[in-house]
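These are my notebook entries on one protein model.

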Amino acid sequence: MRYNEVKPTGFLKNFVQCFWEYDSENTQIEHTILPDGYFDLITTFHDDLISSLSLTGAWKSPINISIPKHTKFFAIRFKLLATEYLFQHEIKSILDTSKSLPLDFWNINSFNSTQFEKFVLELTEKLNHSIKHLKKIDTRKLKLFDLVYQNKLNTVAEIANTVAWSSRQINRYFNNQFGFSLKEFIKIIRCKSSYKDISDGNLFPQKDYYDQAHFIKDVKKYTGATPKELHKNDNDRFLQLSKTKRE
């Protein structure tokens with residue numbers, strides 16, 4: 001497989017984690033996608049022809065997928081705040097699943113399978129334009145997501161105090177918008193933050209875990225595998241831990 005990421009710049013980084021492309025080339029590939037605290041808009045090409053456009057929800061559980069050979073994806077990986085400000089819609093209704101979108105959504109059907117750079121440039125321009133025309137962005141939410149994605153605070157109480165927003169209101173927002181609580185989101189990001197260390201062979205508790213048992217329990221909950229199995233990563237099964245991807 002071939003995988004490539006392009007990171008956004010400027011204020012767009014509050015809403016987009018990356019643009020990415022994936023090519024299965026001449027091989028059918030099996031992957032297990034792990035929860036990571038993001039959601040994706042995915043364009044699928046088969047034999048260089050666009051075949052589908054889908055929006056995923058966030059993932060709380062691992063999902064097994066089979067990718068046929070000669071399949072290519074162009075996609076945008078969004079941070080959760082994008083649901084409210086770019087899509088202006090909740091995604092709790094597609095938690096742990098996805099839904100199809102019309103191929104002309106955001107004019108995506110105008111791109112062909114060789115135009116990833118154009119895809120990035122034009123969608124970046126579109127998204128920046130949308131952000132500029134927003135009436136107001138809640139700074140509490142900007143700060144909250146920045147703290148969690150950077151894995152800086154570990155409890156709901158700490159975050160609520162830091163952003164001056166009550167934990168009850170935060171959890172109401174999270175459950176209505178995404179389908180899970182802030183506490184669950186923190187745990188997903190904490191687990192996701194351990195993927196690189198596990199890939200590199202560090203199978204002991206990370207700084208955010210109480211002990212080895214706590215570490216293994218959370219990893220198994222969100223990945224369906226032990227740290228040892230994740231590190232082994234036969235045939236790049238776990239894409240987020242793939243050294244091929246990271247290189």
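Entry 1. Strand pairing.
I began with a definition: two strands count as paired if DSSP finds at least two bridges between them. I also noted that the model is a predicted one. As background, strands of a sheet pair through backbone hydrogen bonds, either parallel or antiparallel. I then applied the definition to strands S4 and S7, which run antiparallel and are joined by nine bridges. Within this pair, I found Phe39 opposite Phe78 of S7.

Entry 2. The sheet as a whole.
In which order do the strands of the open sheet stand? I read the order S1-S2-S7-S4-S5-S8 for the six strands, with antiparallel pairing. S1 and S8 (98-100) stand at the edges with a single partner strand each, so one side of each has no neighbour in the sheet.

Entry 3. Strand S2 and its partners.
I asked how many residues of S2 (residues 16-23) are buried. The count is eight of the eight, so S2 is largely enclosed by the rest of the structure. On one pairing, S2 meets S1 (residues 2-6) in the antiparallel sense over five bridges, and Val6 stands opposite Phe19 there. S2 also pairs with S7 (residues 71-79), in the antiparallel sense and over seven bridges. In that pairing I noted Lys72 of S7 as the bridge partner of Asp23.

Entry 4. Strands S4 and S5.
S4 is mostly covered, with eight of its nine residues buried. S4 (residues 38-46) and S5 (residues 49-56) run antiparallel and are joined by six bridges. I recorded two facing pairs: Thr43 stands opposite Leu53 of S5, and His46 stands opposite Leu49 of S5. The hairpin of S4 and S5 has two residues between the strands, and Asp47 takes a positive phi near 50° in it.

Entry 5. Ile108.
I located Ile108 in the loop between S8 and H2. Is Ile108 buried or exposed? Ile108 has a relative accessible area of 1%. Buried means under 20% relative accessible area, so Ile108 is buried. Leaving aside residues up to four places away in sequence, Ile108 touches Leu41, Thr43, Ile50, Leu53, Leu103 and Phe119.

Entry 6. Helix H3.
I listed the buried residues of H3 as Lys141, Leu142, Leu144, Phe145, Leu147, Val148 and Tyr149. These pack against S4, S7, helix H1 (82-85), H4, H5 and H6. Just after H3, I noted a positive phi of about 55° at Asn151.

Entry 7. H3 against H5.
At what angle do the axes of H3 and H5 cross? The axes of H3 (residues 139-149) and H5 (residues 167-177) cross at roughly 80° and come within 13 Å. H3 is therefore roughly perpendicular to H5. On the H3 side the contact is made by Arg140, Lys141, Leu144 and Phe145, and on the H5 side by Gln169, Ile170, Tyr173 and Phe174. I sorted the residues of this contact into five nonpolar, one polar and two charged.

Entry 8. Helix H4.
I found Val156, Ile159, Ala160 and Val163 to be the buried residues of H4 (residues 156-163). Why do the buried residues of H4 line one face of the helix? Seen down the axis of H4, they fall within an arc of 100°, so they line one face. The buried residues of H4 pack against H3, H5 and H6 (182-193). Ala164 follows H4, and its phi is positive, near 60°.

Terms used. Residues are numbered from 1 along each chain as its sequence is written. This is a predicted model: local features need pLDDT of at least 70, side-chain atom pairs count only at pLDDT 80 or more; totals for chains, interfaces and linings use all residues. Side-chain values use heavy atoms; hydrogens and water are left out. Buried means under 20% relative accessible area, exposed over 50%, partly exposed in between (1.4 Å probe, protein chains only). Helices (H or I, at least four residues) and strands (E, at least two) are DSSP runs, numbered from the N terminus. Axes are lines fitted to C-alpha atoms, for helices over the stretch in contact, and angles run from 0 to 180 degrees between N-to-C directions. Angles under 35 degrees count as roughly parallel, over 145 as roughly antiparallel, 65 to 115 as roughly perpendicular and the rest as oblique. Contact means heavy atoms within 4.5 Å. Ala, Val, Leu, Ile, Met, Phe, Trp, Tyr, Cys and Pro count as nonpolar, Asp, Glu, Lys and Arg as charged, and the others, Gly among them, as polar. The arc is that of the directions from the helix axis to the C-beta atoms.
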